[in-house]
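I opened this entry to look up a few local features. My notes follow the display.

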Amino acid sequence: IRTVDTDILVLAIAYVERIGVEELWVAFGTGKGFCYLPAHEIACALGSSKAASLPMFHAFTGCDTVSAFAGKGKKTMWAIWRVYPEITEAFVDLCSGTDVISTEATSLIERFVILGYDRTSQLKDVNEVRKDLFTRKGRFKYDSLPPTKAALTEHATRATYQGGHVWGQSIRSQMKLPDPAAWG
């Protein structure tokens, strides 16, 4: 596969096992950044669950169609994924193209985002974390607070539509997508 689009690289890694090929190489980038990436080796190194849930991680942390968290890039959130592997369960669930985000997945997502903003927090409610961070004098600016619970729910819904419904069907010849205006 030849691409400059990270979305395509993510999908190649996620689907290499499902499409049943021994090797899948991605010619990625341009100029001095051009390289050949072994999607099959990356998927193997990640493990089946993490590789399969990579599209959801990519959508949730920001892609072409879903916003990113202010000041929290993919590297930061990847580091959180490494110390909070429980989120993989939620990402796998959401990658399935579910119509409803379960309470369990919502709790895992909320904790994942909390850790992205405050790795030492023991709190499990994002609104409580917002309050805690806001009241710390001189440490946090308003625009560096995590989203509200309501905003996080909407964000998760958009990411699930992209990562689960759209990318979850990307190897099908005919997608059956729910109406985005009515979904969620």
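H40 lies in helix α2, residues 39-46; helices are DSSP runs of H or I with at least four residues, strands are E runs with at least two, and both are numbered from the N terminus. I listed the contacts of H40 (heavy atoms within 4.5 Å): V16, E22, E23, L24 and W25, leaving out residues up to four places away in sequence.

The model is predicted, so I noted that local features need pLDDT of at least 70, side-chain atom pairs count only at pLDDT 80 or more, and totals for chains, interfaces and linings use all residues. Residues are numbered from 1 along each chain as its sequence is written, and side-chain values use heavy atoms, without hydrogens and water.

Next, the strands. β2 (residues 25-28) and β3 (residues 35-38) pair in the antiparallel sense over 4 bridges; pairing takes at least two DSSP bridges. F28 stands opposite C35 in β3. The two strands, β2 and β3, form a hairpin with 6 residues between them. In the turn, G29 has a positive phi of about 95 degrees.

Then I checked the core. The largest nonpolar core has 49 residues, and F60, I87, F91, I109 and F112 touch the most other members. Such a core is a set of buried Ala, Val, Leu, Ile, Met, Phe, Trp, Tyr and Cys residues joined through side-chain atoms within 4.5 Å. Leaving out residues up to four places away in sequence, F60 touches residues including F69, F91, I109 and F112.

Notes. Buried < 20%, exposed > 50% of the residue type's maximum accessible area, 1.4 Å probe, protein only.
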